[in-house]
Amino acid sequence: MALISQGLLASSGRAESSERPNVLLIVSDDQGYNDLGLLGNGILTPNLDRIANEGTRLTQFYVAWPACTPSRASLLTGRYPQRNGIYDMIRNEAPDYGYRYTPEEYAVSFECIGGMDEREKMIPEVLKPGNYVSGIFGKWDLGTLRRYLPTSRGFDDFYGFTNTGIDYFTHERYGVPSMVRNLEPTTADKGIYCTDLFYREAARFLHQNGGEESEEKQPFFLYLPFNAPHNSSSLDPLIRSSVQAPQAFKDMYPAVESETRIATKHRYAPGAKVTTPAARQRDYRAAVTCMDDAIGKLLEQLEQEGRLDNTIILFFSDNGGSGGADNSPLRGRKAQVWEGGIRVPCLIRWPAGGIPAGAVNDAFLTSLDILPSLASACQTPLPADTKLDGYDWWATLRGEQPSPRTEMFWKRRNLQAARVGNWKWTDMGTGNEGLYDLSKDPGERKDLSKQHPNVLKKVKGRYQDWLTEMAESEPRGPFRDF
């Protein structure tokens, strides 16, 4: 049975309504597991804390991949990366080493021509039969060609960037303009901090769809994938070595002793001036607090319009934290299959749906469960011809039954991991392999593989079964050969 503390269950006695709920799905970028103000590490997140206090915090919520693109593809499709075809990043590597593409080179690079298989169905398509209007404002990362863009994949409104990261002010990725409105590139807002832009667009969408400016009160699905607090994408080592944040939010944190240092071993600019670790952590936290402020204004808007309590508000990070993040007490970080790369902070608020306030739920749940759960709540059918890897989680969140999920698998190139029950097998691809009992050791410090060889055999066997199932599934691009 999932443990739920500090909250009263509103299960069988909750009010039932035929009114479909709204959905506000907020995803941060590279936020650490411990980076919520209510957890006491010093970061300022009063509005995320409000969601937790008025809703439920999940302590064992996982994403399907330890970095951007595949994680986002899976949360939108409810399918493992190996099944939906996005099992690696859609990005270019050359700028990591200081190379700036010419426009002609960039136009034919994989970052520009790769995208999610057009046969995949995403959340807005699944909700469309319920008359949902869908918008996305922020980071897309699932293809830049018109056929891959959000408004070609079920969304009605899009403003944001299409690749894995940008400069927060120029909106360029290593010098390449990256902002798009619906199907058209735009530089109209260059110079404005992008978190402010994504808030602006989200607020506009709410006003136009069911808000004060709207005549028709149809339900909405608003997907708000911020790029905060992801490091800034720039060929300038000083900008790239930190997270850009407005000065007003930096000033909310203690001053650091030194802002910059000389990086003698920089990968493409030896001797470059870069941000110090202390300043990077301050900048990271400032970017999170700025994002939190935007979230708070959206909560206030929904509250003033009388729509807050019947809006499903779901917040989590796309993967584990990096840079100035705090993933404690977990081991590892972004890009790794230790818990710190795949277990992320997650909050959900929906009073009208019986989600208890002030609760902490330790059920084993994942981003794969979002699509089927939203379809259930929004009273829309699941696609009959699509194999999903998630479950309906509402009874678990209300404390009525244990999680239907008992296992989960991850593969990032030569990094592998499997969780079966409370047992976790982790293989970091360099001989660093172990078996851990997460019920007693969530930090994966004590390898029990020698003490429990039969358990190790069982967990690795289930992983091999999963690999076979993924290989036998209907193939999807862009990586798979078929």
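Reader: Hi! Is Arg 79 buried or exposed?

Author: Hello! Arg 79 is buried, with a relative accessible area of 4%. Here buried means under 20% relative accessible area, exposed means over 50%, and partly exposed is in between, with a 1.4 Å probe and protein chains only. Before we go on, this is a predicted model: local features need pLDDT of at least 70, side-chain atom pairs count only at pLDDT 80 or more, and totals for chains, interfaces and linings use all residues. Residues are numbered from 1 along each chain as its sequence is written, and side-chain values use heavy atoms, with hydrogens and water left out.

Reader: Thanks! Which residue forms a salt bridge with Arg 79?

Author: Glu 120 does, and the closest N and O atoms are 2.8 Å apart. A salt bridge is a side-chain nitrogen of Lys or Arg within 4 Å of a carboxyl oxygen of Asp or Glu.

Reader: And where do Glu 120 and Arg 79 lie?

Author: Glu 120 lies in the loop between helix H5 (110–113) and helix H6 (123–127), while Arg 79 lies in the loop between H2 and helix H3 (81–84), so the pair ties together parts that are 41 residues apart in sequence. Glu 120 counts as buried too, at 2% relative accessibility.

Reader: Which residues are linked with them in a network of salt bridges?

Author: The network links Arg 79, Asp 117, Arg 119, Glu 120, Glu 474 and Arg 476.

Reader: How many salt bridges does the count come to?

Author: By that rule the count comes to 43 salt bridges. One of them joins Asp 369 and Arg 405, with the closest N and O atoms 3.0 Å apart. Asp 369 sits in the loop between strand S17 (365–366) and helix H12 (370–377), and Arg 405 in the loop between helix H13 (394–397) and strand S18 (407–412), so this pair ties together parts 36 residues apart in sequence. Asp 369 is buried at 1% relative accessibility, and Arg 405 is buried at 5%.

Reader: Nice. What about Glu 305, which residue does it form a salt bridge with?

Author: With Arg 307, where the closest N and O atoms are 2.5 Å apart. Glu 305 is buried, with a relative accessible area of 19%, and Arg 307 is buried with 10%.

Reader: Let's zoom out. How many helices and strands are in the chain?

Author: The chain has 14 helices and 21 strands. These are DSSP runs numbered from the N terminus, with helices (H or I) of at least four residues and strands (E) of at least two.

Reader: Which residue has a positive phi although it is not a glycine?

Author: Tyr 174 is one of them, with a phi of about 50°. Most residues other than glycine have a negative phi, and most peptide bonds are trans. Tyr 174 is found in the loop between strand S7 (172–173) and strand S8 (176–177), and is buried, with a relative accessible area of 7%. Ala 335 also has a positive phi, near 80°, but Ala 335 is partly exposed, with a relative accessible area of 21%.

Reader: Where is there a cis peptide bond?

Author: One runs from Ala 228 to Pro 229, with omega near 0°. Pro 229 lies in the loop between strand S11 (220–225) and helix H8 (237–240). The bond from Ser 328 to Pro 329 is cis as well, with omega near 5°. Pro 329 is found in the loop between strand S14 (311–317) and helix H11 (339–342).
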